[in-house]
Number of protein chains: 2
Amino acid sequence: MREWYFKLAFFKRRIYRHAFNLHMNAKKILESADVDAVVIYNGSNEDLNFYYFTRLLYGGIFEGSLAVISEEGVKVITSILEEQSAKKGSNEVLIYRTGEEREKLLREAVGSANRIGLNYASLSMSDFNRLKKIMGEREYVDVSEKIMEMRMIKDEEELKNMREAAKIASEVADIMPDFMKEGIREYELAARLGYEMFRRGAEDFAFTTIMAFGENAAEPHYLSGARKLKRGDFVLMDFGARYHHYNSDITRTFVFGRASEEQKEMYYTVLEAQRIGIEMLRAGVNGRDVDMKVKEYINSTKYKDRMIHSTGHGLGLAVHDHIGLTSLKDLILKENMVVTVEPGVYIPGFGGVRIEDDVRILKDGVEVLTSAKKNELIEV
Amino acid sequence: MREWYFKLAFFKRRIYRHAFNLHMNAKKILESADVDAVVIYNGSNEDLNFYYFTRLLYGGIFEGSLAVISEEGVKVITSILEEQSAKKGSNEVLIYRTGEEREKLLREAVGSANRIGLNYASLSMSDFNRLKKIMGEREYVDVSEKIMEMRMIKDEEELKNMREAAKIASEVADIMPDFMKEGIREYELAARLGYEMFRRGAEDFAFTTIMAFGENAAEPHYLSGARKLKRGDFVLMDFGARYHHYNSDITRTFVFGRASEEQKEMYYTVLEAQRIGIEMLRAGVNGRDVDMKVKEYINSTKYKDRMIHSTGHGLGLAVHDHIGLTSLKDLILKENMVVTVEPGVYIPGFGGVRIEDDVRILKDGVEVLTSAKKNELIEV
């Protein structure tokens with residue numbers, strides 16, 4: 001949305017490309033799921049697939065809006081309040097003023113389609129019953145996995161937004177040491193981090209920032225609290241920016257003051273584990289093997305069994321977009337998947353180190369989207 | 001979470017009170033929905049009812065966690081990563097390490113209960129199928145409306161958190177004029193607003209901040225963009241803080257520089273409309289009548305038909321917690337409901353004014369939770 005005002009020429013070009021992508025995506029999901037139409041309802045639960053198919057990424061809230069995907073393309077059914085936002089895309093836009101009008105538009109948009117695909121992964125039971133009542137007796141099919149298969153492979157527009165989200169987070173990670181001072185509280189430093197992301201154009205947090213000092217860094221799911229920063233503390237920050245609905249997710253760990261030998265050993269162990277993981281990544285590799293290899297390395301050091309989570313997850317419209325690098329499940333990596341690589345070690349009562357980057361899978365390696373410094377443990 | 005470190009004595013007292021509340025809530029939902037147990041699954045969709053019944057408001061993420069409510073009280077089934085956070089509450093905590101363990105714990109927790117209540121309003125179709133597979137043939141019942149009826153009436157702990165959320169937002173609304181300067185962009189001012197909320201203890205935005213300058217203030221669903229502030233602009237900000245999972249929602253409209261006569265007339269028309277609305281509020285009044293009365297006033301001025309949304313909505317764990325003040329639906333107001341009162345008028349191409357406060361319904365009137373200045377149009 002931000003760029004909207006200045007880049008009209010670019011925008012026109014973009015519309016054209018959108019139209020192309022959308023027809024491809026629309027065609028693809030209808031074929032792969034073998035349905036006559038797909039109905040995405042941004043209802044009582046937000047459905048990220050609404051943005052995926054409509055590419056309405058540049059403004060608008062779209063609560064209660066629907067996307068109907070059929071041979072005719074993508075139709076957006078939305079309220080009068082969203083008319084301007086909806087028309088920024090390349091979809092057919094149908095405007096309602098009342099609930100009855102919305103129902104009528106939906107029935108018309110699905111027409112005589114019999115097999116209707118729905119996204120069971122986020123559609124609530126209430127909304128399913130509502131849709132069934134409006135559309136009547138048809139065959140309803142779960143297409144959530146088929147959509148996810150498509151979403152796992154990012155196209156150029158998605159990658160462009162993810163690169164920007166990663167750039168914002170990386171810049172902020174690099175300047176955060178400037179704001180660390182004795183006595184600052186975790187939530188104050190987290191507030192600063194948010195400010196620095198938003199003024200660089202982040203539209204939202206990708207997720208609630210984790211800002212953990214000292215012993216709190218040992219809890220992977222800690223958020224932030226009133227703990228004050230003191231000399232010798234670890235500072236672990238795990239955060240991300242959302243840009244045009246796409247997310248980044250980065251972790252950096254610093255030491256405030258001089259690092260102890262133990263802190264250094266933890267840091268360089270994790271850094272090496274991450275290097276091993278990233279080096280393995282390319283199309284055709286199984287994510288499970290990457291997680292196993294990373295843990296095998298950690299377990300060969302004094303930090304045996306101290307890595308208590310998986311190596312990484314898929315990233316995109318959702319922060320946990322899809323299964324990534326985990327020994328719990330097979331995932332054969334493909335070109336243009338984006339996954340996080342985030343080994344960590346944790347010592348309860350002492351602290352923890354995690355280093356996380358976002359990488360795009362290529363045929364023969366990776367493109368690392370995040371670029372914040374990490375090769376030396378930074379002592380602030 | 002923030003207060004956790006300093007208020008242990010208070011916390012102990014709180015645990016005791018929790019236990020009392022929880023048993024009340026647990027008892028109430030089992031009786032009113034006539035079920036043997038209620039299962040809340042914080043699965044593919046976040047279910048705010050998880051926090052409502054467990055009162056785990058002070059830290060933790062609880063992805064994939066379950067709450068089982070039965071005659072025995074509330075049981076929380078959560079992963080080893082959340083063990084510490086889960087034990088901060090007064091529920092029975094059951095820890096799993098694997099998916100199989102989670103399934104087993106769920107089966108044990110529901111025991112021989114036959115009629116199982118589920119929250120259809122957020123439970124996804126996929127998760128419903130998953131739960132059915134784990135728990136087997138039983139009678140499943142939608143209890144979403146029964147829970148919502150309970151949630152509409154806030155208890156002391158909820159009000160305490162909402163007051164704090166409202167206080168943070170009000171303080172920030174009052175200081176925002178200090179940061180308005182010629183040429184600042186909407187998203188930059190929104191970034192500052194976020195920073196000021198977070199450093200005062202907000203744990204999240206209640207929703208994406210609306211920061212609209214000049215003509216952008218005419219779009220009620222506008223978010224923020226790169227528009228620069230210039231003399232004579234409206235500055236409309238609609239935002240809220242989340243504190244211990246409870247939300248505030250406030251709107252203030254300023255003029256940067258000297259206000260024109262038209263701007264003043266819009267402002268004082270909206271202010272009077274809000275006064276009329278708030279004055280009507282008390283237990284027993286129908287929200288529909290309030291919306292109609294507010295619009296009747298607006299329609300008696302030169303801004304006829306310029307108020308294109310309802311007067312207000314319920315507020316709580318969700319920002320749009322429940323139906324509020326809208327001519328679309330009846331709602332007999334009850335003591336300890338919290339609703340927003342937010343009339344506005346919008347002139348496309350020129351701008352808009354909205355003034356919004358959060359109010360708690362009392363027997364004979366209201367408690368206004370938000371306190372930012374509004375009685376004079378502020379010219380910055």
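Two strands count as paired here if DSSP finds at least two bridges between them. I start there since the strands come up soon. What you have on the screen is a predicted model.

Take chain A and its sheet. This is an open sheet of 3 strands in the order β7-β10-β11, with antiparallel pairing. The edge positions belong to β7, residues 204–205, and β11, residues 246–247; each has a single partner strand, so one side of each has no neighbour in the sheet. Between β7(A) and strand β10 of chain A, residues 241–243, there are 2 bridges, and the two strands run antiparallel. At the residue level, A:Asp204 has A:Arg242 in β10(A) as its bridge partner.

Now chain B. Its open sheet of 3 strands also reads β7-β10-β11, with antiparallel pairing. Here β7 (204–205) and β11 (246–247) of chain B stand at the edges, and because each has a single partner strand, one side of each is left without a neighbour in the sheet. Strand β10 of chain B, residues 241–243, is joined to β11(B) by 2 bridges in the antiparallel sense. The bridge partner of B:Arg242 in β11(B) is B:Asn247.

Next, the domains. The assignment divides chain A into domain 1, covering 2–150, and domain 2, covering 153–368. Taken over C-alpha atoms, the centres of these two domains of chain A are 33 Å apart. On that numbering, the sheet strand β10 of chain A, at residues 241–243, belongs to domain 2, which spans 153–368.

How are the two chains related? A rotation of 180°, with 0.0 Å of shift along its axis, superposes chain A on chain B with an RMSD of 0.0 Å. That is the relation of a two-fold axis. Within chain A, the C-alpha nearest that axis belongs to A:Ser124, at 2.1 Å from it. Both copies use the same surface, in that 98% of the contact residues of chain A recur in chain B.

Last item, a pocket. What lines the second largest pocket? Its lining has 15 residues, and those nearest its centre are B:Ala218, B:Glu219, B:Pro220, B:Ile308 and B:Pro348. By type, the lining of this pocket divides into 7 nonpolar, 3 polar and 5 charged residues. The space in the second largest pocket comes to about 350 Å³.

That is what I have for today.

Note on methods
Residues are numbered from 1 along each chain as its sequence is written. Chains are lettered from A and ligands numbered from 1 in the order in which they are written. This is a predicted model: local features need pLDDT of at least 70, side-chain atom pairs count only at pLDDT 80 or more; totals for chains, interfaces and linings use all residues. Side-chain values use heavy atoms; hydrogens and water are left out. Copies are superposed by least squares on the C-alpha atoms of residues with pLDDT of at least 70 in both. Contact means heavy atoms within 4.5 Å. On a 1 Å grid over the protein atoms alone, a cavity is a set of points where a 1.4 Å probe fits but cannot get out, and a pocket is an open set with protein on both sides within 12 Å along at least five of seven lines; lining residues have an atom within 4 Å of a point. Grid points are joined across faces, edges and corners, and a volume is the space filled by probe spheres set on the points. Ala, Val, Leu, Ile, Met, Phe, Trp, Tyr, Cys and Pro count as nonpolar, Asp, Glu, Lys and Arg as charged, and the others, Gly among them, as polar. Helices (H or I, at least four residues) and strands (E, at least two) are DSSP runs, numbered from the N terminus. Domain bounds come from an automatic or database domain assignment.
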